[in-house]
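Hello,

Here is the structure I said I would pass on. Please have it open while you read the notes below.

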Amino acid sequence: MRSFALTFVAILITATSLKAAPAVSFSKDVLPILAENCFQCHGPDEHTREADLRLDVAEDATRLRDEYRVITPGNPAQSELIQRILSDDEALMMPPADFDKHLSEADINTIKNWIANGAAYEQHWSFKRIERPELPVVNKRMQRWRRNQIDDFVGQRLQQSRFLPSQEATATTLARRLSIDITGLPPTPESVREFVNRYDPADPLNTAYSEYVDSLLASPHYGERMAMFWLDAARYSDTDGYQSDSTRNNWPWKDWVINSFNSNMPYDQFTIEQFAGDLLPDPTPEQQLATCFHRNHMANGEGGRHPEESRIEYVIDRVNTTGTVWLGVTIGCSQCHSHKYDPISHESYYQMFSFFNSIDEDGKAGGGAKPFLSYKPTTVEPHIASAQALVDNRLEVERAEFALAQTRFNSWLNTTIEQLSEQASTWRPFAPGKLTSAFGSVLTLDDQQLITADGKNPHHEDYQLTGKPNLSRITGIRIEVPPNADNTNGAFSQSESGHFILTDVKLRVVSTATSTVRDIKFAQAIADYQADRGKYNGYGLVAHILDDDPRNGWASFDSDIKTTRTAVLALAEPLVLTPEESIYLELQQRSLQGSHNLGSFRIYLTDQVGTAVRSLDKAPLEKLVAANPATSEEVEDGLRAELLEQYLIDDIAYQRVKLPLNEAQRQLSEFKSAAADKRVMVLSERSDARQSYVLERGVWDAKGAAVSSGVPPVLGTLPENAPNNRLGLAQWLTNRENPLTARVTANHVWRLIMGRGLVRTAEDFGIQGELPTHPDLLDWLAIELLENNWDLKALIHTIVSSATYRQSSDVANDKRNLLEQDPENRLLARAERFRMPAWMIRDSVLQASELLDATIGGPPVRPYQPAGVWADITMGRFQYAPSQGEAQFRRTVYAFWRRSAAPAFLFDNAKRRVCQVQTPTTNTPLQALTLMNDLTYLEASRVLAQNATMATDQKPEQIAYIFEHLLSRQPEAEELEIVLKQLKELENFYQSNLEQARRYLRHGQPETIPSFTNSSAAGNEQPVWSLAALSSITSMVMNLDETITRE
Amino acid sequence: MFDHLSTTRRYFLGQCTGISLGAMAAGGLLQGHALGQQPKARNEHGGLADLPHHDVKAKRVIYLTQSGGPSQIELYDHKPDMHKWAGKDLPEEIRQGQRLTTMTAGKAQLVMPSHAKFRQWGESGATVSEWLPHIGAVADDLCFVKSMHSEYINHAPAMTFMMTGSQIPGRPSVGAWASYGLGSPNRDLPDYVVLVSKMQRPSDQPLYNYYWGNGFLPSRYQGVKFRNASEPVLYLEDPDGLPREMRRKLLDGIGQLNKLKSRKSGDPEIEARTRQFEMAYRMQASVPELTDLSDEPEEVFELYGPDSRRPGSYAANCILARRLAERGVRFTQLFHPDWDHHSRLSTWCVARCRDTDQATAALITDLKRRGLLEDTLVVWGGEFGRGVAGQGNWNTPSAGRDHHPRCFTYWMAGGGVKAGYTHGATDDFSYNVAEGHVHVHDLQATILHLLGIDHEQLTYRYQGRDFRLTDVHGKVVHDIVS
């Protein structure tokens, strides 16, 4: 440890001591002021330009106009600009009085000085060619501190600002920080221990550190970590977005991204393949697959949409994404008009547009979103194997329980047969206590339980029946509509034809205890007859009485009017009522035709499940009564099977193992189909190129002048010999002469590793963006990339090897008062401390609990999220079934991304609708709720607690185990004391609330739940309450600020 | 909710501006060029200190969003002479090349008169459909704008435009702007709450969460959607087996351990984290207290209609909206889907009227009798209207209407708008605005104006540009301001 770092000297600094060198730089000092305050009317956009004045162009600003010049180089007093700025005459002053901009005195002096010094214009810093900067020579103190060239640049600025760097972080912190930054996962306790033992900060060869970094960069988890950034930038999603939000099969591209990062594909090649893999000579399938990057935009399949309008939007999206990810220029501003600040014209925008305008696509979504590549995924096999193993495992459990259930069934059947004579019929007539209607019909109930409506027959009508069923539970409803002499033709209704329409049926629970009601869901409806809906305005199918849509429904048209019509509705779940509760049944007839109200009808209820409510035939129990067997051996096989099925639905112990088996089987077939050839959206050119036009105001069909492909002149020209197509565009992006790509990319990498970019506006390197905190350092990193064959791993190695990176992030008792002096850490006098992204937090707890399935690549999976999240947002069109077994514990990068309902547990993540390279990190109570209550954290905390108890039976050591896995360190004495005290309280609680403890332990996959939680047998209370307490304590540690923070 | 970290640096640097955007220069030191969003001082409601810009007419908004495009021709825009044109071609001088969706492009545009009958209501004599008798009965409290017009003809772009001022997703919604600008007097509930009607029928138009999104504003300004589930806010409920008193113990432990860490690290964010967990704990109580309607008297349910007894229904959400207004929540937005009546309009549209009519009127009545209407702005409307031509065979029951952005009706009530007033008019076919044009940006400017916000001054710097809700457009409709 360097001694100076331990003995900080308070350095008092003044406000001016941190200012840049006194000489005024146009691009650094003047241009931002002009851009902010003047360019809206006197900048690059010809449409909003006033007074025919451009302040961004030297020739125009300094030319002689009548008798004055706006800027007279060397003479501020003779410059109209200064006079106008200083004027307090509202008619003359600039910026104008009604324009919400205001120049400070310092700004005015800067402009004055600049003019006085000759008003030299220069190009905006990021548009200049990247040159290798000279390494600054730092003072002795910094010499002792520095580890590589990065520190020369950082040290120089620190030295100028008279600040000292922070001391080096502890070896433990560095081990954790490096692992999180490079792989997105915390280190294992073993690797921390090994690193701490080996690491010697004074080692001139840096061996241990360097090897640790190399091992992390060699880990395949590195590719996953980088891919998460790339998928956000690429607006990757597994669905189209917009109304239909159809599922895509583009995930093989995601595997390509992970592999490319892992194999350290040079970034120029990475770029070229994604822009133009299809245009390379004899492209491999993987090179074609790479071009999916530019197909990850949203796709609109809304009915009534003009496909060409959509297609234009996709092309625009590609241009804007290119602008943000590679160029760091808000090129999208030029879509509607020339850029207000940066010299990118409306026309150059559409020249860029032209590169992407001849893709062989036609603006369609879903299955019509050509061009596709037929690609056979190579990463599915391990997942099939794992899913198969899960099925086998759960099948074994299910078979065992099935055998027990069969025994239970046999004894039930025997009892039932003995009591057969006492069996009532399956369907019991319902006699509602209250009969009302919405539009005046009067309903009466006779002693045959027949409900009859009076003769009014209104256009629309709702029949409302309220009453208490004489059953302990309800599982189905049967509606019978008999012919009746009072109806037209003696049929079912007083409509013209005598036929009826039932548009919808509602079942609710009402209660004397509360004013609110409960909707009860049906699973299905069947009927003995359904009219041809094509003939009758959409009315026919009985299933439509469940959809709350009056435009369809069940109807009897063309049926035999002498036969009673019957429908059976199965409830989604058995309904059990409390003594305060009654059921409310509403039969609606709100059809287009109107007047087709039921004349009379009967309602029956049942408490039986299975075939009884899924068929119109006799229920199994009725068949049993009819067969009247003396013993259970006499029951014939078919009926026995039906009775068994019905029995099993109600057998909770069996259902507890059967449902997970069903889920596992569904998952297995999903993975199997994932292994088949996939149609991946990729790029390929049309045989006849489309002509591109400037689109006026950015409107898709407002074609202006014709343009051909080209790059913005301010950023150079296509390299020699480069073709004028996407391939040439990609070559230009990664060419040595391109001033932006290497800077922007180096900044992305710096930001991912250091927490904040050298350019804080990572998406805007233009005039309105921020200047780099360390301009020469950025250029040095960019040159390293350029001259090092775009080697990202090497760049990361260099960054993390610096002394700058290794600083501590602590600011407590800091004599430099950094927090106040440099709140945004622009000097880099400390390491950044920040909350990890939500995906990283999830991955971390999976790793800490050793639940993580570390397999690389493969089809999307569905991590836990609360029930109904998809259904809620998509109005019920999509249901979410969480993945089972190991598939549940895959890294977040593999989580299925539905554009209309992004994973609920990912707060602050990019939305992936359009390209986003960074999102603000916020801190809200909703995030706290997620970490407290998300099932992932709950299950992981229990599993980690279990692991701790298996490692040791000493409480303090268990706590230490949990700390080591979650925080990569041992608890301190004071911490241990607090945790043990909390643990004791939780133990006391669960000891006297064993049922609560069991319930707390039963969250998650059946395979992770300890078997002793299922049994309430005597003798296993201790493991139950102690594990419940330790699990809750683990979740507490999981929710500590430090656990979710990179420091 | 949403702690105001007024004593810590990241309140200014992280919370308020998003970490990347601020170019905070404490004491003028260490200035990058101050081109990101400048942190701004905040008042005790978490609003910007320089707001309101002028007199406040409405302290809060309840926006009753009718998604899908309700037909102004059936509901509000009465054209008594239209029957003379029934089945005839819409004159070209009226149509003026209006774009159609691809559903009806190229098909004959035959006039289909209103399926609904109209009558005049109250002293103001406003014409309202007989399909909306309850709303008709409160027409004297409403301010109708019959001359709304939009630019987009498909649902998602038009709704995105209506909510955010841009058709492309990604800008902050009107509620997020209000929350960003004004904060909210209730710090234990979100500033901006979204309530979506629970429908049994899957709707054809999903309600994207970017309709109430924060766009580039920090995420604390996004609308928080209360779900119609047992858990109104995601992850609100503690897990089975962990009772609230044990949650309290765990939070105490988190607080103590965080404090130790904070002493060591010095990062004020750690204490802020503890406060967010405490806020979460309070929300676990305040949200269920809000959404549990069991303390409402029977007469309230009678006022709002039978559907209000069904949690998640539009009618129940109207009661919730009133409860939110009582608790000072700044912006409450209801969404009622399924107004997209391309076919079978006479039964389909009636169904949506039945869902909403009584409860909407009850909300006006209820706010009024509680003295809340005078400073609550209620807004009713969708993303566009519907066209005069029949879609499908115009004279059969299966006919409906296609989308129509060139004119449609909105109404407002309460905080700062004229009661019993009608602004603007359409031509004889309810096809073009004839007078008093109100563009979507004008409506947005007016809503902000009534909240005391100058829509041109409430801006946010993002990617080098000062964005605002109304883009570079929008004029306050002073004619409707009382």
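**Where the two chains touch**

The model is predicted. In it, 103 residues of chain A are in contact with 97 residues of chain B. Sorted by class, the side of chain B that touches chain A holds 43 nonpolar, 33 polar and 21 charged residues.

**Domains of chain A**

The domain assignment divides chain A as follows:

- domain 1: 1-22 + 130-219 + 772-831
- domain 2: 26-121
- domain 3: 221-378 + 683-739
- domain 4: 427-617
- domain 5: 833-1047

Between the C-alpha centres of domain 1 and domain 4 of chain A there are 75 Å.

**A pair of helices in chain A**

Look next at helix 18 (residues 381-418) and helix 22 (residues 652-674) of chain A, whose axes come within 8 Å and cross at roughly 155 degrees. Angles over 145 degrees count as roughly antiparallel, so helix 18 and helix 22 of chain A are roughly antiparallel to each other. The crossing of helix 18 of chain A past helix 22 of chain A is left-handed. The residues of this contact divide into 16 nonpolar, four polar and five charged.

Regards

Conventions: Residues numbered from 1 in each chain as written. Chains lettered and ligands numbered in written order. Predicted model: local features only at pLDDT ≥ 70, side-chain atom pairs only at ≥ 80, totals over all residues. Axes fitted to C-alpha atoms, helices over the stretch in contact; angles between N-to-C directions. Helix = DSSP H or I, 4+ residues; strand = E, 2+ residues; numbered from the N terminus. Parallel < 35°, antiparallel > 145°, perpendicular 65-115°, else oblique. Left-handed = near helix turned anticlockwise from the far one by under 90°. Nonpolar A, V, L, I, M, F, W, Y, C, P; charged D, E, K, R; others polar. Domains from an automatic or database assignment. Contact = placed C-beta atoms within 7 Å.
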